[in-house]
Amino acid sequence: METLSENRCFGGTQGVYTHRSDACACDMTFGLYLPPQAARGPVPLLWFLAGLTCTHENAMVKTGAQAHAARHGLALVFPDTSPRGDEVTDDDAYDLGQGAGFYVDATREPWAPNFSMWSYIAQDLTAALASDFPLDMERQGITGHSMGGHGALTLAMGLPGRFGSVSALAPIAHPSASDWGRKQLTAYLGADEAGWAAHDSTLQMRAVGLDVPVLVDQGSEDQFLDLLKPEALAEAMAARRQPGAFRVQAGYDHSYFFVSTFMGDHVAFHAAALGLS
């Protein structure tokens, strides 16, 4: 673990670190916010998974989440969205390759050697956080935006019992039926759509659902509604009678202005579910 930076932030510390990932076979960078309460002992952890084209830095800088986390005594981790480096395969398109890992473990060339973001989140980064920082790993929540919302929902449903709370902001909700999904799932996993189901939150909601609270926010003026397909997830939640809330926020688009507006709600939701005041 190498420390790239540490800054005082709302009484706690916003750090940026790099470490070697076996899953991705390269060095990976992440941000971690430790609230002031971490000085007294381990604190619960909230994951924030970012969207297409983002790094660890976007949500860390733009959401204002640290102020809310400090208030509740909640740590925040901001992973990168893909492996990176000169030795890592990339693509000229913005929505494939570096910056577009889609939180899956690629099985197809040329992506398989590095693009294992599911295992990176579920195993490598989890182990690094548990060993190096004062975190209560028995109390974890997960959230994310866009591609990261897709990742948060599918990881939570694919790892039952791992997360005590789940939320998403404008998630890619039905990727197997969207151009934000079919392209990437084909490239990373192959053309057999049966292998995609574990990475489609609508299909997973229909099949297994969640046994913990869930909160989803979607802007009514999101410019990517046709790609996100939020109505499919909302219908799946209703059909399953999934405990939680799917909220449509009038007038909001897909930007970090939308995310930052409702970030406080999401942090408070996770804090309550994880037993914090």
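The structure is a predicted model, in which local features need pLDDT of at least 70 and side-chain atom pairs count only at pLDDT 80 or more, while totals for chains, interfaces and linings use all residues. Residues are numbered from 1 along each chain as its sequence is written, and side-chain values use heavy atoms, with hydrogens and water left out.

Side chains of opposite charge can pair when their charged atoms come close. A salt bridge is taken as a side-chain nitrogen of Lys or Arg within 4 Å of a carboxyl oxygen of Asp or Glu, and the whole structure holds seven of them. In one of these, Asp-136 is paired with Arg-139, with 2.9 Å between the closest N and O atoms. Arg-139 is partly exposed, because its relative accessibility is 28%. Another salt bridge joins Asp-27 to Arg-20, at 3.6 Å from N to O. Asp-27 is partly exposed at 47% relative accessibility, whereas Arg-20 is exposed at 52%.

A further salt bridge connects Arg-247 and Asp-217, whose closest N and O atoms are 2.7 Å apart. Arg-247 belongs to strand S9 (residues 244-249) and Asp-217 to strand S8 (residues 214-219), so this bridge ties together parts that are 30 residues apart in sequence. Helices (H or I, at least four residues) and strands (E, at least two) are DSSP runs, numbered from the N terminus. Asp-217 is buried, with a relative accessibility of 0%, while Arg-247 is partly exposed at 27%. Asp-265 joins Asp-217 and Arg-247 in a network of salt bridges.

Helix H5 spans residues 179-189, and its buried residues are Trp-180, Gly-181, Gln-184, Leu-185, Tyr-188 and Leu-189. Viewed down the axis of H5, these residues fall within an arc of 100°, so they line one face of the helix; the arc is that of the directions from the helix axis to the C-beta atoms. An α-helix has 3.6 residues a turn, so residues three or four places apart point the same way. The buried residues of H5 pack against helix H7 (225-228). Just after H5, Gly-190 has a positive phi of about 100°.

A pair of aromatic rings is described by the distance of the centres and the angle of the planes. Rings of Phe, Tyr and Trp (its six-membered ring) pair if their centres lie within 6.5 Å; planes under 30 degrees apart count as stacked, over 60 as edge-to-face and the rest as tilted. By this rule there are eleven aromatic pairs. Trp-111 and Tyr-188 form an edge-to-face pair, because their ring centres are 5.5 Å apart and their planes stand at 85°. This pair links distant parts of the chain, as Trp-111 is in the loop between strand S5 (75-79) and helix H3 (117-132), and Tyr-188 of helix H5 is 77 residues away. Both Trp-111 and Tyr-188 are buried. Elsewhere, Tyr-17, Phe-30 and Phe-133 make up one aromatic cluster.

A nonpolar core is a set of buried Ala, Val, Leu, Ile, Met, Phe, Trp, Tyr and Cys residues joined through side-chain atoms within 4.5 Å. The largest such core has 86 residues, and Leu-129 and Tyr-188 have the most contacts inside it.

Technical notes
Buried < 20%, exposed > 50% of the residue type's maximum accessible area, 1.4 Å probe, protein only. Contact = heavy atoms within 4.5 Å.
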